[in-house]
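This report describes the architecture of one protein chain, from its overall form to individual residues. The sequence and the model are shown first.

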Amino acid sequence: MSRPGPKIPPLSVTDAQRAVLEGWLRRRTTAQALALRSRIVLECADGHSIMEVSRRLRVVPDTVRTWRRRFIERGLDGLCDDPRPGVPRKITDADVERVIVKTLEETPKNATHWSTRSMAAATGMSQSTVSRIWRAFALAPHRSQTFKLSTDPLFIDKVRDVVGLYLDPPEKALVLCVDEKSQIQALDRSQPALPMMPGVPERRSHDYVRAGTTTLFAALEVATGKVIGSLHRRHRAAEFKKFLTKLDKEVPAGLQVHLILDNYATHKTPDIKRWLLAHPRFHLHFTPTSASWLNLVERWFAELTQKKLKRGVHRSVQALEHDIRAWLADWNEHPRPFLWTKTADEILDKVAAYCQRISDSGH
């Protein structure tokens, strides 16, 4: 007659522990090993024997015994892996702090910014160590960004005015973002472009031949994304007046017209002012000086440049204007409005934060 095996201590799971274990099982990001251990503990807690759990989960009995025992001894912490032995850490917290402080507060003697090589030489660490520290703290000395703050004395009032038109447009009115994209060049490459092939991008010659320029006047309807455009060879108040006349003809007579535009001199000549007096339904709203980013039509110009002009080849100004008109007509068949999301207060708070940083830096 065989002897009975050793008595196995019972395994019980509290409601809180069960909630954690079931959460680990449901979470899609849980490691597979931890999910299996959680399932073993729950199966054992439901009264199943070690052999039965082994068959149900298709693991060897010793695996069930190990994690059953670990949970009984240490609870949920017992299901996590123990720290593994390895080489002691060589880079101390003080070393990491020294690299960060040096990166943020100093510059090398012979350069404007640090590189991994120069920082490694200055601190006595390896380049890979410096690189890991920079990545961990999101430091990138080789990168820089530019910014420009408007000096317009009416900056706050103009921001609130323009953003108010975006977020809360007046009734029975049309809000149009107006601007000119001047000096659009008709460029012909000196050699034909080489087409794209598998593993090889399209290639174009660096040099080109200029065939002339044109100017696009555009008015973007904020609500719908439709664009009214007009091409002219020159960029003067006379051409802008012609464009205003075109807007007056195309916008329904019963609507007020609010134009958002920049402070270019052609928008403020005496001839333009007389035209506006003769057409009182037109209301001009100027963006602050050096703040063209407030004008949504600039975003539309970026679409035109990226998708049509940047890689386009035009042997004449007429060909360039034909392509622009075709692209404009195609856009208006399926217009896509650009949605403004930031409030005036959010914009002004961000500008104030930039000003504070400049003040704190001592410039």
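## Secondary structure and basis of the model

The protein chain comprises 13 helices and five strands. These elements are DSSP runs numbered from the N terminus, with helices being H or I runs of at least four residues and strands being E runs of at least two.

The model is predicted: local features need pLDDT of at least 70 and side-chain atom pairs count only at pLDDT 80 or more, while totals for chains, interfaces and linings use all residues. Residues are numbered from 1 along each chain as its sequence is written, and side-chain values use heavy atoms, with hydrogens and water left out.

## Overall dimensions and surface

The radius of gyration of the protein chain is 34 Å, whereas a compact globule of 363 residues would have a value near 21 Å. The radius is taken over C-alpha atoms, and the globule rule is 2.2 Å times the number of residues to the power 0.38. Along the principal axes, the C-alpha atoms fill a box of roughly 115 × 60 × 50 Å.

Of the 363 residues, 37% are buried; buried means under 20% relative accessible area, exposed over 50%, and partly exposed in between, with a 1.4 Å probe and protein chains only. The protein chain exposes about 23600 Å², of which carbon and sulfur atoms supply 53%. These areas come from the Shrake-Rupley method with a 1.4 Å probe, and for residues only the protein chains shown count as cover.

Among contacts with a separation of 6 or more, 67% are between residues 24 or more positions apart. A contact is defined by heavy atoms within 4.5 Å. The side chains include 58 positive and 41 negative ones, and the centres of the two sets lie 6 Å apart. Lys and Arg count as positive and Asp and Glu as negative, while His and the chain ends are not counted. Each charge is placed at NZ of Lys, CZ of Arg, CG of Asp or CD of Glu.

## Nonpolar cores

In soluble globular proteins, nonpolar side chains tend to be buried together. A nonpolar core is here a set of buried Ala, Val, Leu, Ile, Met, Phe, Trp, Tyr and Cys residues joined through side-chain atoms within 4.5 Å. The largest such core has 36 residues, and V159, Y166, C177, L216, L296 and W300 touch the most other members. Elements giving two or more residues to this core include helix 8 (155-167), strand 1 (173-189), strand 2 (208-221) and helix 11 (297-309).

Beyond its neighbours within four places in sequence, Y166 is in contact with C177, V222, I260, L294, N295, L296 and W340. A second, separate core of 19 residues includes L174, L259, I272 and W275.

## Individual sites

A138 is found in the loop between helix 7 (127-136) and helix 8, and A138 is exposed, at a relative accessible area of 71%. K172 is found in the loop between helix 8 and strand 1 and is also exposed, at 69% relative accessibility.

S118 lies in helix 6 (residues 116-123) and is partly exposed, at 23% relative accessible area. Its C-alpha atom is 10.0 Å from that of T107, 11 residues apart along the chain. S290 is in the loop between strand 5 (282-286) and helix 11 and is partly exposed, at 35% relative accessibility. Leaving aside neighbours within four places in sequence, S290 is in contact with K148 and S150. The C-alpha atoms of S290 and E221, 69 residues apart along the chain, are separated by 22 Å.
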